[in-house]
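Biologist: I would like to learn how to read a structure like this one. Could you take me through some features, one at a time?

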Amino acid sequence: MHLSDSSHKIFVAGHRGLVGSGVVRALRQAGFNNLILRARQELDLTDAAAVRAFYEAEKPDFVVVAAAKVGGILANDSYPADFLHTNLEIQSNVIHGAFEAGVGRLIFLGSTCIYPKLAPQPLKEEYLLTGPLEPTNQWYAIAKIAGVKLCEALRRQHGVDFVSMMPTNMYGPGDNFDLQSSHVLPALIRKFHEAKGTDEPVTLWGTGTPKREFMYVDDLASSILHVLRTPEETLYNAAPDGLINAGVGHDLSIAELAETIKRVVGADNPIEYDTTKPDGTPRKLVDVTRLFAMGWRPEVDLEEGIRRTYEWYLAQAG
Ligand code: GFB
């Protein structure tokens, strides 16, 4: 069942996070205002009974699963049990509950770290489970793979319209700028901003050689809305196994990213590398053939996206 009517009722799980808040913005802009949103204090998604009662009361037509425990390379590596357990609980409750409640279409959001560490590039959806995972985030990846497979299993056993989208590295206004737990892009905005006007070097983790693909949050949100609105025949023709990568189609090295951020922030500091910190996977550029075949394209280039994110950071910092 595809999203076509402004009366359709949509539950966005995780609506206060980077991705979930972007999805809510995109839905409202497109005139979909019948949204069900629950803050963590109102509904604990790790509580199976509470989630079941919520679904019984609300009976949404559509669900977007943007709720997850997320973090950068160090957070993933430091709290493996939390990343595995919390994500398994959230997904199991939200996905299975949606099935029991008769939801018309569900989109589960994962991450491109589900693909093998050394898979060929760009990463095609069919490379899933063809090789070993990147060790720093394997715990998160295993949880996300379980979510993808739960959607696939429910589709196979019960014929439901539940699909998974795998976004590449996300960023944008509302991101986490904490230097210990954040992803690289917000961390570097903060590091260059704080060093600006001094002679202090800015220290990057790892070697700067890994390559990453960055997608602006509003582009991801528009791709999710696009998939919600795509009729079943078109969707499953493009993605027969219900797995859809979301990305922009090109990547750059962490060293190149640092130069871009330095320019946008207007800093002039030298860059140093702390090679005691991990590099993570060498590259994870996604193949976006399926999403593009459904007619979607990104709109915000990296420099513009960094500029908007830096403006938001400055406004927050006061
Ligand atoms: O964004 P990031 O933390 O996560 O790191 P991943 C990307 C690359 O940037 C790594 C380097 O090679 C880091 O070593 N880097 C350089 C930094 N300086 C910094 C810094 O100051 N902070 C951070 N955080 N990185 C995550 C996964 O992997 O990507 C998650 O752990 C998820 O599971 C997410 O998939 C999208 O891209 O390596």
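Predicted model: local features only at pLDDT ≥ 70, side-chain atom pairs only at ≥ 80, totals over all residues.

Biologist: At roughly what angle do the axes of α4 and α5 cross?

Modeller: The two axes cross at roughly 15° and come within 8 Å. Angles under 35 degrees count as roughly parallel, and therefore α4 and α5 are roughly parallel to each other. Their crossing is right-handed.

Biologist: Which residues of α2 and α4 make the contact between those helices?

Modeller: First find the pair: α2 covers residues 48-58 and α4 covers residues 80-100. Their axes come within 9 Å and cross at roughly 35°, and α2 passes α4 in a right-handed crossing. From α2, the contact uses Ala48, Val51, Arg52 and Tyr55, while α4 brings Asn93, Val94, Gly97, Ala98 and Glu100. By class, that gives five nonpolar, two polar and two charged residues.

Biologist: How do α9 and α11 cross, and at roughly what angle?

Modeller: Here the axes of α9 (residues 254-265) and α11 (residues 302-317) come within 10 Å and cross at roughly 50°. That angle makes α9 oblique to α11. Again you can look for the hand: α9 passes α11 in a right-handed crossing. The contact takes in Leu257, Thr260, Ile261, Arg263, Val264 and Val265 of α9, together with Leu302, Glu303, Ile306, Arg307 and Tyr310 of α11. Seven of these residues are nonpolar, one is polar and three are charged.

Biologist: Can we follow a single residue? What is Val264 in contact with, leaving aside its neighbours within four places in sequence?

Modeller: Val264 sits in helix α9. With those neighbours left aside, Val264 is in contact with Glu303, Ile306, Arg307 and Tyr310. As for His226, which is 38 residues away along the chain, its C-alpha atom is separated from that of Val264 by 30 Å.

Biologist: What should I look for in the backbone itself?

Modeller: Now try Lys59, which is not a glycine but has a positive phi of about 45°. You will find Lys59 in the loop between α2 and β3. Then look at Gln121 and Pro122, which are joined by a cis peptide bond with omega of about -5°. Pro122 belongs to the loop between β4 and α5.

Biologist: And the ligand? Which residues come nearest to the ligand?

Modeller: There are 22 residues around the ligand, and Ile73, Lys191, Arg212, Pro278 and Asp279 come nearest. A polar backbone atom of Val184 is 2.9 Å from an oxygen atom of the ligand. Side chains do this too: a polar side-chain atom of Asn137 lies 3.3 Å from a ligand oxygen atom, and an N or O atom in the side chain of Lys284 is 3.4 Å from an oxygen atom of the ligand.

Conventions
Residues numbered from 1 in each chain as written. Heavy atoms only, no water. Axes fitted to C-alpha atoms, helices over the stretch in contact; angles between N-to-C directions. Helix = DSSP H or I, 4+ residues; strand = E, 2+ residues; numbered from the N terminus. Parallel < 35°, antiparallel > 145°, perpendicular 65-115°, else oblique. Left-handed = near helix turned anticlockwise from the far one by under 90°. Contact = heavy atoms within 4.5 Å. Nonpolar A, V, L, I, M, F, W, Y, C, P; charged D, E, K, R; others polar. Near = heavy atom within 4 Å. Polar contact = N/O pair within 3.5 Å; in protein donor to acceptor, adjacent residues only side chain to side chain.
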